[in-house]
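Reader: I am new to this structure. Please take me through the whole chain briefly, then look closely at a single residue and its surroundings.

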Amino acid sequence: MNNADFVWCFVPHGYADGAGIDDPPLALDGRRSVRETSRNLTNIPAIIVHSPLKRAVETAQLLGSVTPDFKGSLYPCEWLLPDVKILHAVDYLLEHYAGIDALFVGHNPLLNQILEHFGERHERPMDYAEQVTISMRDHIAPATRKRATG
């Protein structure tokens, strides 16, 4: 496989109903939406990389357990936490996951910022457990240039 011939999928964590809770778990509706997302994935990832917060961990675990044909592993990644700076996140993801079909579970606005960094513009923020898949073939060279100058 060419190093630039890989697919990344981004999925915000499922809905978590935890008013007043620092790290709330997924709500029942959040679990339902994650299961629906798993049935509609356009690409089966080799790995799932997720934020270490409970709602993202549970989303990743559900995606991994109910996605048909997923045989990979789940990896926590602090660079997907909500308060991480966009260029630090992009640098880390490119350094560690370039060339790998990966699904990233994190938080908005960071996931939307990562997508915008790769030239994927959306009229609205991604919904809970919505997926956006991009072929990195068209994005790796521009992203590397942005990383080097950003």
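Author: The protein chain has 5 helices and 5 strands. Both are DSSP runs numbered from the N terminus: helices are H or I with at least four residues, strands are E with at least two. Along the sequence they follow the pattern β-α-β-α-β-α-β-α-β-α.

This is a predicted model, where local features need pLDDT of at least 70, side-chain atom pairs count only at pLDDT 80 or more, and totals for chains, interfaces and linings use all residues. Residues are numbered from 1 along each chain as its sequence is written, and side-chain values use heavy atoms, with hydrogens and water left out.

Of the 150 residues, 46% count as buried. Buried means under 20% relative accessible area, with a 1.4 Å probe and protein chains only.

Now to Q131. It sits in the loop between α4 (110-117) and β5 (132-135). Q131 counts as buried because its relative accessibility is 19%.

Its side chain has polar partners. A polar contact is a pair of N or O atoms within 3.5 Å; within protein, one must be able to donate a hydrogen and the other to accept it, and residues adjacent in sequence count only if both atoms are side-chain atoms. The Q131 side chain reaches the backbone oxygen of N40 at 2.5 Å. With the side chain of T133, the Q131 side chain makes a polar contact at 3.3 Å.

Contact means heavy atoms within 4.5 Å. Leaving out residues up to four places away in sequence, Q131 touches C9, F10, V11, T37, N40, L41, T42 and M126.

Conventions. Buried < 20%, exposed > 50% of the residue type's maximum accessible area, 1.4 Å probe, protein only.
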